Amino acid sequence: MPAILDLVTPQDIDDTMQLGRHRARIRHNKILRLFRQAYEQGGVLSYADVSLLMHIGLHTIGQVVLAEQEATGLPVPCRGTIHDMGRSVTHKAIICSKRLVEKKSTSQVAQETFHSPEEVEHYVQTFRRVQLCHDSGMALDDIAQATGHSKLLVREYLDLIEEFKLPPIANPNGAHSVQTQ
């Protein structure tokens with residue numbers, strides 16, 4: 001299915017003509033616009049796609065995407081984010097923070113992060129499994145084995161657990177508490 005992308009808009013021309021308007025800011029806005037326009041039409045662009053369309057390097061595209069994600073706290077809808085490709089904690093961190101710290105609904109987090117509700121719950125459940133093992137006093141190697149995830153992935157979730165400072169989900173003895181009435 002074809003997508004219509006605006007490589008140059010009247011706003012781009014106006015911004016270029018205005019004194020004091022920086023080319024880097026215009027380029028930044030164009031890069032983000034291309035990713036968003038493709039996504040809104042049911043498509044997904046990679047860094048390489050945008051690099052070819054704009055005749056600029058992949059590194060520059062990556063810098064713009066990273067700067068935008070850091071500034072807004074939201075992912076840019078590019079191929080790596082949508083298809084969870086590459087090694088990036090960003091979408092995991094954003095999703096888990098919105099769901100567990102900000103206490104937003106799964107559907108709201110899915111919409112805000114360009115993920116399906118199933119993907120949101122997958123990240124949250126993985127986070128909670130790692131947290132349960134950690135709260136029970138398990139070491140990184142044991143958590144990786146128990147959850148079936150790589151040590152690298154477990155380390156990323158352990159870092160998020162430390163960053164979020166959520167209350168434990170297991171008591172100090174590692175046994176689940178049972179509430180009676």
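Contact here means heavy atoms within 4.5 Å. The structure shown in these views is a predicted model.

**View 1. His 28 in helix α2.** His 28 is a residue of helix α2. Its relative accessible area is 9%, and the cut-off for buried is under 20%, so His 28 is buried. Beyond its neighbours within four places in sequence, His 28 is in contact with Val 64 and Glu 68.

**View 2. Packing of helices α2 and α4.** Helix α2 covers residues 23-40 and helix α4 covers residues 58-72. Their axes lie 10 Å apart and form an angle of about 85 degrees. The two helices are therefore roughly perpendicular to each other. On the α2 side, the contact is made by Arg 27, His 28, Ile 31, Leu 32, Phe 35 and Arg 36. Helix α4 contributes Thr 60, Ile 61, Val 64, Val 65 and Glu 68. Sorted by class, the contact has six nonpolar, two polar and three charged residues.

**View 3. Salt bridge between Asp 12 and Arg 33.** The whole structure contains nine salt bridges. One joins the side chains of Asp 12 and Arg 33, at 2.7 Å from N to O. Asp 12 belongs to helix α1 (residues 10-17) and Arg 33 to helix α2, so that distant parts of the chain, 21 residues apart, are linked. Asp 12 is buried at 5% relative accessibility, and Arg 33 is buried as well, with a relative accessible area of 16%.

**View 4. Salt bridge between Glu 112 and Lys 98.** The side chains of Glu 112 and Lys 98 meet at 2.9 Å, N to O. Glu 112 lies in helix α7 (residues 106-113) and Lys 98 in helix α6 (residues 90-101), 14 residues apart. Glu 112 is partly exposed at 21% relative accessibility, whereas Lys 98 is buried, with a relative accessible area of 8%.

**View 5. Salt bridge between Lys 151 and Asp 141.** In this salt bridge the closest N and O atoms are 3.3 Å apart. Lys 151 lies in helix α10 and Asp 141 in helix α9 (residues 140-147), so the pair ties together parts that are 10 residues apart in sequence. Lys 151 is partly exposed at 47% relative accessibility, and Asp 141 is partly exposed at 43%.

**View 6. Helix α10 and the residue after it.** Helix α10 (residues 151-164) has 14 residues and reaches 20 Å from its first C-alpha to its last, close to the expected 20 Å. Its buried residues include Leu 153, Val 154, Glu 156 and Tyr 157. Just after the helix, Lys 165 takes a positive phi of about 50 degrees.

Technical notes
Residues are numbered from 1 along each chain as its sequence is written. This is a predicted model: local features need pLDDT of at least 70, side-chain atom pairs count only at pLDDT 80 or more; totals for chains, interfaces and linings use all residues. Side-chain values use heavy atoms; hydrogens and water are left out. Helices (H or I, at least four residues) and strands (E, at least two) are DSSP runs, numbered from the N terminus. The expected span of a helix is 1.5 Å times one less than its number of residues. Buried means under 20% relative accessible area, exposed over 50%, partly exposed in between (1.4 Å probe, protein chains only). Axes are lines fitted to C-alpha atoms, for helices over the stretch in contact, and angles run from 0 to 180 degrees between N-to-C directions. Angles under 35 degrees count as roughly parallel, over 145 as roughly antiparallel, 65 to 115 as roughly perpendicular and the rest as oblique. Ala, Val, Leu, Ile, Met, Phe, Trp, Tyr, Cys and Pro count as nonpolar, Asp, Glu, Lys and Arg as charged, and the others, Gly among them, as polar. A salt bridge is a side-chain nitrogen of Lys or Arg within 4 Å of a carboxyl oxygen of Asp or Glu.
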